[in-house]
Amino acid sequence: MALNIPETKLKRLVVIGAGFAGLKLVKKLRASDYQIVLIDRHNFHQFQPLFYQVAVAGLEPSSISFPLRRMFQKNYRIFIRLTEVTHISTESKTVHTLHGELTYDLLVMATGAVTNFFGMNDLAQLSFGMKTVEEALGIRNTILKNYEMALVADTDEERNALMKIAIVGGGPTGVELSGALADMRRFVLPKDYPDLDFEQMEIFLIEASPGLLNGMSDKSSAKAADFLRGLGVNVMTNEQVVGYANNLVKFKDGKTLPSATLIWAAGVTGAPPAGFEDKHLGRGKRLMVDAFNRVKGFADVYAIGDIALMDGPDFPKGHPQVAQVAIQQANNLAANLKTKNSDNWKPFRYKDKGSMATIGRNKAVVDLPYLSFHGLFAWLVWMFVHLVSIIGVKNKIFIFINWIWNYFTYDQSLRLIIKQRVPKKE
Ligand SMILES: Cc1cc2nc3c(=O)[nH]c(=O)nc-3n(C[C@H](O)[C@H](O)[C@H](O)COP(=O)(O)OP(=O)(O)OC[C@H]3O[C@@H](n4cnc5c(N)ncnc54)[C@H](O)[C@@H]3O)c2cc1C
């Protein structure tokens, strides 16, 4: 197989990853005089901040995804290839994929991050991450199936484990998911399953550090914990999960918790394709870059977004792995790549626009650079920001209608357990 990219006199820019960073870069360079090859293992862009709503049956996956080919129709210098990059030979300037190889003049790594299970294989095998739309759908299917199974369970012990949900990681993902599940327990599931006792549906949010939402202000962290406790979520801080087997979550101090569902939202790590040496990787296996997002040690390889580690006085441990950093780095690199004289290139400066997390119906916490607030207004701000950020007018409209519908009916209408059937070829 071959990637079949035509040879031209234009410089070839290969971008790996169509997440927030890669996609923004290609959009900004669509009218430039590069031949651009965008490679991703998915044929769509995923809006990760709303994965949790797919997991609780609040949104369809198609509402938070956007097909890449649709975005670049009539852009004849942009080539999209759906494949997995397996290896990069920086000496021969070649990208190796599952479907052939390709040389580059310039390479941009925008491969994001993957769930970090900290080397615990049992957890990696048996728990759910939340880094892809497939995983979010897997969570939705499993939770719904567990309640069906709880109805036909033989023993109370079995039923008990099926009805509990444990989430590890008290960052925005864990907090938002716990809040949404608590709403589901209050408003939706008891109506669907009147013969189950929803007092038994316990939600545990487990965090190893002393507080939730570590990247946010102390005020927002405390408020988020208050909101969650008010919704009946068991917030467990200073607790470290070290294993999972036979539906039992194992803690470092030896105690266990029965739960048939374990969701792992406790951190991410870089996972660039093979070909980079240890000296190119910094903290969290991110590629170390200079102020222009050039990977240190190379003249023609760049990294942007979650995979890039740019240390500096403001961010000695690198920038936070959030969408705004990815988008701003892509904008800066695109502007630089359009400026042929590299003496005029601008170094990257991150403009922190703030952070936020929602905690169920009518509640959110928002930290702006000089202001922190919470409650209903914060929730409206959260909704507005997410609605304008999502790609595609149709997606915005669908999400808005879904939210209005769910708000006024206290219901989510997407509670389908969809199993995939793959035909056997042999
Ligand atoms: C559940 C969740 C909630 C979040 N909520 C927020 C939020 O509320 N606000 C916020 O600012 N940030 C949030 N984030 C973080 C934000 O989504 C990331 O910072 C952002 O996606 C980083 O963009 P990126 O382009 O670097 O990587 P990504 O968006 O992860 O994109 C990487 C792309 O590279 C592709 N790829 C990777 N390796 C290969 C390979 N070898 N071959 C082919 N393709 C490859 C992947 O398929 C993917 O499309 C959240 C993240 C998660 C997981």
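A crossing of two helices is called left-handed if the near helix is turned anticlockwise from the far one by less than a right angle, and right-handed if it is turned clockwise. The structure shown is a predicted model, in which local features need pLDDT of at least 70, side-chain atom pairs count only at pLDDT 80 or more, and totals for chains, interfaces and linings use all residues. Residue numbers start from 1 along each chain as its sequence is written.

**View 1. Helices α1 and α9 in contact.** The crossing of α1 (20-28) and α9 (323-338) is right-handed. Helices (H or I, at least four residues) and strands (E, at least two) are DSSP runs, numbered from the N terminus. The axes of α1 and α9 are 8 Å apart, and the two helices pack at an angle of about 30°. This angle makes α1 roughly parallel to α9. Axes are lines fitted to C-alpha atoms, for helices over the stretch in contact, and angles run from 0 to 180 degrees between N-to-C directions. Angles under 35 degrees count as roughly parallel, over 145 as roughly antiparallel, 65 to 115 as roughly perpendicular and the rest as oblique. On the α1 side the contact is made by Phe20, Ala21, Lys24, Leu25 and Lys28; the residues of α9 include Ala323, Ile327, Gln329, Asn331 and Leu333. Two residues are in contact if their C-beta atoms, placed from the backbone, lie within 7 Å. By class, the contact of α1 with α9 has 9 nonpolar, 2 polar and 2 charged residues. Here Ala, Val, Leu, Ile, Met, Phe, Trp, Tyr, Cys and Pro count as nonpolar, Asp, Glu, Lys and Arg as charged, and the others, Gly among them, as polar.

**View 2. The shell around the ligand.** The ligand is surrounded by 32 residues, and the closest are Gly17, Gly19, Gly112, Gly305 and Val322. Two or more residues of the shell come from each of α1, β2 (34-40), α7 (172-192) and α9. The shell holds 16 nonpolar, 11 polar and 5 charged residues. At least three residues are drawn from each of domain 1 and domain 2.

**View 3. Domain 1 and domain 2.** The chain is assigned domain 1 (11-113 + 270-344) and domain 2 (121-267), with bounds that come from an automatic or database domain assignment. Their C-alpha centres lie 32 Å apart. In the contact, 12 residues of domain 1 meet 14 residues of domain 2. Helix α2 (residues 51-55) gives the largest share of the domain 1 side, 5 residues. That side of domain 1 divides into 8 nonpolar, 4 polar and no charged residues.

**View 4. Helices α5 and α6.** The axes of α5 (residues 133-151) and α6 (residues 156-163) come within 9 Å and cross at roughly 165°. The two helices are therefore roughly antiparallel to each other, and α5 passes α6 in a left-handed crossing. Asn146, Met149 and Ala150 of α5 meet Arg159, Leu162 and Met163 of α6. This contact has 4 nonpolar, 1 polar and 1 charged residues.

**View 5. Helices α7 and α8.** With axes 10 Å apart, α7 and α8 (residues 218-230) pack at an angle of about 25°. They are therefore roughly parallel to each other, and α7 passes α8 in a left-handed crossing. Val175, Ser178 and Gly179 of α7 meet Ala224, Phe227 and Leu228 of α8. The contact of α7 with α8 has 4 nonpolar, 2 polar and no charged residues.

How values were computed. A residue is near a molecule or strand if its C-beta atom, placed from the backbone, lies within 6 Å of it.
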